2 protein chains.
Amino acid sequence: MSSSAAAPAAAPVSEALVDLLGMVAYGELSAFERMAADARLAPDLRRRAAMSEMAAVEIANYGRLAARLGEVGADPEAAMTPYVSVLQAYHDSTEPRDWLEALTKAYVGDGVADDFFREVAKLVAEPDRQLVLDVLHERRYDEFAVAEIRRATEADAKTRHRLSMWARRLVGEVLSQATRVAGQRVALTALIIESGGDQAAVQALFRRLTIAHSARMSSIGLSN
Amino acid sequence: MSSSAAAPAAAPVSEALVDLLGMVAYGELSAFERMAADARLAPDLRRRAAMSEMAAVEIANYGRLAARLGEVGADPEAAMTPYVSVLQAYHDSTEPRDWLEALTKAYVGDGVADDFFREVAKLVAEPDRQLVLDVLHERRYDEFAVAEIRRATEADAKTRHRLSMWARRLVGEVLSQATRVAGQRVALTALIIESGGDQAAVQALFRRLTIAHSARMSSIGLSN
């Protein structure tokens, strides 16, 4: 991995694309680590293994994104570095205290982030658009998380209340860190804002994110 | 996953086979968790990702073994439970303090354990023999570990000495925990001892393990 590798002059790689791939790649690496650690909160071996398997999906996705960064002449490490402190801040401020909080974080927190990445992916050209969408589509463990959380929220009003507050905090932290990223990654932010053409388009994007988030909350028995 | 599931009467599954599959399955799950955690010791993102990818291989292997346990009518969770405290004791007593210790643990410690599992695998019938051998053959990251450790041991005599001591401690702990398992899992121990027919065969097994361990030590620039 050489940091002196440059994009071929014939097909200049946009800074925004490298920003996006780096962000999603580091998001996956970081999600892997957190989910692998949070698996220790599982109440039994079966659930511990299930969360570990969820984590492993993330690292496989990371590999595809890192490979693509290399292909377009970017250094994967350099592309991910801007996101290290932001993700660290997010995870430090949302350390799950138990199994249900860990699952809710994986489902609700990562869900919002994934929706946002998907929106940005629509703004870049192929094959990167499809790569990001593919990677984010890998949610085969959502069903497991939904069933686990739903069982707990249906059984107990106190748990429902506690997880509602937790989910709200998760989304608040995601938005707060996203704002930080927006301020720092100018090329990426410009891509999002310019693509819409006007403020209404950006507002529509946020509306779509909100609707998808509400649907996830309902699916686990929580109101938004 | 039901603990009341029983082996079909027509093809009774030997207790030793369930012991073996449960031991290897839990070994993989446990290796996944430790390697995922130890990846945080990596000096940079590239190496951190490489160790995370090594970890992910283990959890995929875990999945194959757990599925096979289910197929033979055993409860994966029950089959793994006897090994939880032994592996915990091993990992607690061999907590790596830095990146090189973590790599050496993954390469030398897991290497000895894998060799032992391979020896036991030869004593069970197909398809389980091949399954265990397949799973243990997945060492595509050995090259990475060897290159990293070798570079460090060749560059510095103090590091060489420190890692030699560390590797010795790892093997000592593996043997100590293996002895505990041998005392507890009677069916498995009987399989190993009876298969050889006499004490000489068991001694030959230990000689093979020692030779393979010495070869691994040499490959990373350490004497045994």
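## Salt bridges and polar contacts

Four salt bridges cross the interface of chain A and chain B. A salt bridge here is a side-chain nitrogen of Lys or Arg within 4 Å of a carboxyl oxygen of Asp or Glu. Arg40(B) makes one of them with Glu33(A). The closest N and O atoms of that pair are 3.0 Å apart.

## Model and conventions

The model is predicted: local features need pLDDT of at least 70, side-chain atom pairs count only at pLDDT 80 or more, and totals for chains, interfaces and linings use all residues. Residues are numbered from 1 along each chain as its sequence is written, chains are lettered from A and ligands numbered from 1 in the order in which they are written, and side-chain values use heavy atoms, with hydrogens and water left out.

## Extent of the interface

Chain A gives 25 residues to the contact and chain B gives 25 residues. Contact means heavy atoms within 4.5 Å. The area buried between the two chains is about 2100 Å². Carbon and sulfur atoms give 62% of that area. Buried area is the accessible area (1.4 Å probe) that two parts lose on being put together, summed over both.

In chain A, the most area is lost to chain B by Glu33(A), Arg40(A) and Leu45(A). Together they account for 26% of what that side buries.

## Make-up of the chain A side

On the side of chain A that touches chain B, at least two residues come from each of helix H1 (15–38), helix H2 (45–71), helix H3 (76–80) and helix H4 (84–93). H2(A) supplies the largest share, eleven residues. Helices (H or I, at least four residues) are DSSP runs, numbered from the N terminus.

By class, this side has 13 nonpolar, four polar and eight charged residues. Ala, Val, Leu, Ile, Met, Phe, Trp, Tyr, Cys and Pro count as nonpolar, Asp, Glu, Lys and Arg as charged, and the others, Gly among them, as polar.

## Aromatic pairs

The whole structure holds five aromatic pairs over all chains. Rings of Phe, Tyr and Trp (its six-membered ring) pair if their centres lie within 6.5 Å; planes under 30 degrees apart count as stacked, over 60 as edge-to-face and the rest as tilted. Trp99(A) and Phe144(A) are edge-to-face, 6.4 Å centre to centre with 65 degrees between the planes. The pair links distant parts of the chain, 45 residues apart: Trp99(A) is in helix H5 (residues 99–121) and Phe144(A) in helix H7 (residues 142–155) of chain A. Trp99(A) is buried at 7% relative accessibility. Phe144(A) is buried at 17%. Buried means under 20% relative accessible area, exposed over 50%, partly exposed in between (1.4 Å probe, protein chains only).

Phe116(A) and Phe117(A) have ring centres 6.3 Å apart and planes at 55 degrees, so this pair is tilted. Phe116(A) is partly exposed at 21%. Phe117(A) is buried at 11%.

## Thr104(B)

Thr104(B) lies in helix H5 (residues 99–121) of chain B. Its relative accessible area is 0%, so Thr104(B) counts as buried. The side chain of Thr104(B) reaches the backbone oxygen of Leu100(B) at 2.7 Å. Leaving aside residues up to four places away in sequence, Thr104(B) touches Gly109(B), Ile149(B), Leu163(B), Trp166(B), Ala167(B) and Leu170(B).

Key:
Polar contact = N/O pair within 3.5 Å; in protein donor to acceptor, adjacent residues only side chain to side chain.
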